[in-house]
Amino acid sequence: MTGNHKDTSITRRRALAVTGGTVAAGGLAVAGYRSAFADTTTGTEATTGTATGTAATASASSATGTCMTLMSSVTEGPYYLDGALVRKDITEGKSGVPLTLRLTVVDATDGCTPVPGAAVEIWHCDAWGYYSGYTTTNPGGSAPAESEDGSTADDNTYLRGYQIANANGVVKFETIFPGWYTPRTCHIHLKVHTGGEKEDGTYEGGKVNHTGQLFFADDIAQEVFTLEPYAKHSGTYTKLDDDMVYDGGGAAGGLLTLKPVKKADPSRGYKGTLTLGVDPDAENSGAGSGGGGTPPGDAPTGTPPTGTPPSGAPTATASASS
């Protein structure tokens, strides 16, 4: 099945003010943005999410002796870049519905014990379907040029980053709800690394234990895509059942459990959680299963992007893609 969005003409560049934590784009208020990134829930938050994989499936419990199976490994896709920064907030001023990710890395071969020190790396497209490093690649359908978003984001590094797991195996990211591009459903890419260390603002050495993707329930994604700035990208997008990568395995296949910050107002953001059951002794090449889903036209050629990443970060280099 597919969904259709009404075409919207663009008459001017969308303005985004990011000053002193202020976000003024896409109808997102500062209060909503901060609420989405808060550690605690408030009385205005919903207590349950929409059927996105049950808490029992998405959370492992070593105390009860139960443990989920290994996460499904899939392709890293065509948009992976080395040299992502170690940081919690990966938005760089990109506008969209706030999303807090709380991911727990556990050893699925050892009773789901936490894997402290594991490095979780994520990357995903912006609200219009563009990836940093490939900002001229057509996302399919009809969308404004990436340069029209009005943000201050660095074209090489936005919406990419690492976090190092704490003693409980937990990492947390502050980002935005991803958009979509043809022919893929809404998703976030991730890798779990062990054995390396933080160096020069990024993560070096070690090995990749798992390459995967995180997915979003269709009903939530469709609601988000009616909001600004997502609504400016019109066309046909792919639902979960028709996606070339999602295997239908629920949480074990990467389906996030999502809770809205405020049930009556999806623009306030979501909190996504998932437990990543990995084998710390395994090494994953990133080839995985399923296709990367290269958008039509202007496909990436593997040429490293140009420009200097912010904060003295190392220049990104392109990785081989499947």
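This is a predicted model: local features need pLDDT of at least 70, side-chain atom pairs count only at pLDDT 80 or more; totals for chains, interfaces and linings use all residues.
In which strand does Glu199 lie? Glu199 belongs to strand 9, which covers residues 187–199.

The overall composition may be considered first. The secondary structure of the chain consists of three helices and 13 strands. The chain has 322 residues, and 53% of them count as buried. When contacts between residues at least 6 apart in sequence are considered, 81% of these contacts join residues at least 24 apart. The accessible surface amounts to about 12,900 Å², and carbon and sulfur atoms account for 49% of that area.

The discussion now returns to Glu199. With a relative accessible area of 36%, Glu199 is partly exposed. On the surface, Glu199 takes part in a patch of negative charge, in which it is gathered with Asp82, Glu197, Asp200 and Glu204.

Strand 9 also contains Lys191. The side chain of Lys191 meets that of Glu76 in a salt bridge, with an N to O distance of 2.6 Å. Because Lys191 lies in strand 9 and Glu76 in the loop between helix 2 and strand 4, this pair ties together parts that are 115 residues apart in sequence. Both partners may be described in terms of accessibility: Lys191 counts as buried at 5% relative accessibility, and Glu76 is buried with a relative accessible area of 3%.

Such pairing follows a general principle: side chains of opposite charge can pair when their charged atoms come close. In total, the structure holds eight salt bridges. Another of these joins Asp149 to Lys94, whose closest N and O atoms are 2.5 Å apart. Asp149 is found in the loop between strand 6 (119–123) and strand 7 (160–164), while Lys94 is found in the loop between helix 2 and strand 4, so the pair ties together parts that are 55 residues apart in sequence. Asp149 and Lys94 are both buried. These two residues also belong to a network of salt bridges that links Lys94, Asp126, Glu146 and Asp149.

A further salt bridge is formed by the side chains of Glu228 and Lys232, at 2.6 Å from N to O. Here Glu228 counts as partly exposed, at 31% relative accessibility, whereas Lys232 is buried, with a relative accessible area of 18%.

The loop between helix 2 (55–58) and strand 4 (98–107) also holds Ser73. Ser73 is partly exposed, its relative accessible area being 29%.

Strand 10, comprising residues 202–215, is the place of Asn209. Is Asn209 buried or exposed? At 6% relative accessibility, Asn209 counts as buried. The C-alpha atoms of Asn209 and Val192 are separated by 5.6 Å, the two residues being 17 residues apart along the chain. Leaving aside residues up to four places away in sequence, Asn209 touches Val192, His193 and Thr194, together with Asp279, Pro280, Asp281, Ala282 and Asn284.

Methods:
Residues are numbered from 1 along each chain as its sequence is written. Side-chain values use heavy atoms; hydrogens and water are left out. Helices (H or I, at least four residues) and strands (E, at least two) are DSSP runs, numbered from the N terminus. Buried means under 20% relative accessible area, exposed over 50%, partly exposed in between (1.4 Å probe, protein chains only). Contact means heavy atoms within 4.5 Å. Accessible areas come from the Shrake-Rupley method with a 1.4 Å probe; for residues, only the protein chains shown count as cover. Patches are made of residues with over 30% relative accessible area and no salt bridge: like charges are joined within 9 Å, nonpolar side chains (Val, Leu, Ile, Met, Phe, Trp, Tyr) within 5 Å. A salt bridge is a side-chain nitrogen of Lys or Arg within 4 Å of a carboxyl oxygen of Asp or Glu. Lys and Arg count as positive and Asp and Glu as negative; His and the chain ends are not counted. The place of a charge is taken as NZ of Lys, CZ of Arg, CG of Asp or CD of Glu.
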